[in-house]
Amino acid sequence: FLRMNALDMDFRDEMFSHAIEKGTLDAILSGDRSTENARKYLNEVYRVLQPGGVFMCVSYRNIEHRLRHLQNFEWNISVHRVYKKDFDDEFFKIRAEFVSPGVLKDLMEMKLDDEERVEPDPEADKFKKPTVTPKEHYVYVCSKPAAQAPSDHEANPSGMDFRAGDN
């Protein structure tokens, strides 16, 4: 392990193809001069990544709180939610995302014939909305753009033909 200041890393430019962090940005953003320090930290991460490199930032904070910092750089960003592995919370989140409230209401109010009726499940309470927000993390996958090949004009501003030929 190496120990250094994440706001001023000792690594050379474009040294790494990948960088992964969990909680570093969260910790920086909960301290003094948080916005300034987050900018310095992300600038360092961007600097040490190779063109086409990928930075994975795992955070407990949602999109509104983290994208405003990440979007200050030329990343291609995708965001993924990772839910806590607690079945009750996970089941509620899945149900809430994939089954509309209208469909749930229709299912609950559906009339059944006597032979179709089922006695209420005594464990039905576990399918009710949790009283606390389900725990989740966000994974921000930030890809640094690949290096662009120089245009013809940048590579040869004079426009002269330097190829070997018949002279």
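This is a predicted model: local features need pLDDT of at least 70, side-chain atom pairs count only at pLDDT 80 or more; totals for chains, interfaces and linings use all residues.
Student: Where does strand β4 pair, and in which sense?

Tutor: Strand β4 pairs with two partners: with strand β2 (residues 49-59) in the antiparallel sense over six bridges, and with strand β3 (residues 76-83), again in the antiparallel sense, over eight bridges.

Student: How should I think about side chains along a strand, and is β4 enclosed or open?

Tutor: In a regular strand the side chains alternate between the two faces of the sheet. As for strand β4 (residues 136-143), six of its eight residues are buried, so the strand is largely enclosed by the rest of the structure.

Student: Which residues lie closest to the centre of the second largest pocket, and which elements contribute to its lining?

Tutor: The second largest pocket has a volume of about 270 Å³. Of the 16 residues that line this pocket, Met9, Phe11, Ile20, Tyr41 and Val45 are the closest to its centre. The elements giving two or more residues to the lining are β1 (16-22) and α2, and β1 provides the largest share, four residues.

Student: Staying with α2, is Ser34 buried or exposed?

Tutor: Ser34, which belongs to helix α2 (residues 34-48), has a relative accessible area of 19% and therefore counts as buried, given that the cut-off is under 20%. Leaving aside residues up to four places away in sequence, Ser34 touches Ile28 and Leu29.

Note on methods: Residues are numbered from 1 along each chain as its sequence is written. Side-chain values use heavy atoms; hydrogens and water are left out. Buried means under 20% relative accessible area, exposed over 50%, partly exposed in between (1.4 Å probe, protein chains only). Contact means heavy atoms within 4.5 Å. On a 1 Å grid over the protein atoms alone, a cavity is a set of points where a 1.4 Å probe fits but cannot get out, and a pocket is an open set with protein on both sides within 12 Å along at least five of seven lines; lining residues have an atom within 4 Å of a point. Grid points are joined across faces, edges and corners, and a volume is the space filled by probe spheres set on the points. Two strands pair if DSSP finds at least two bridges between them.
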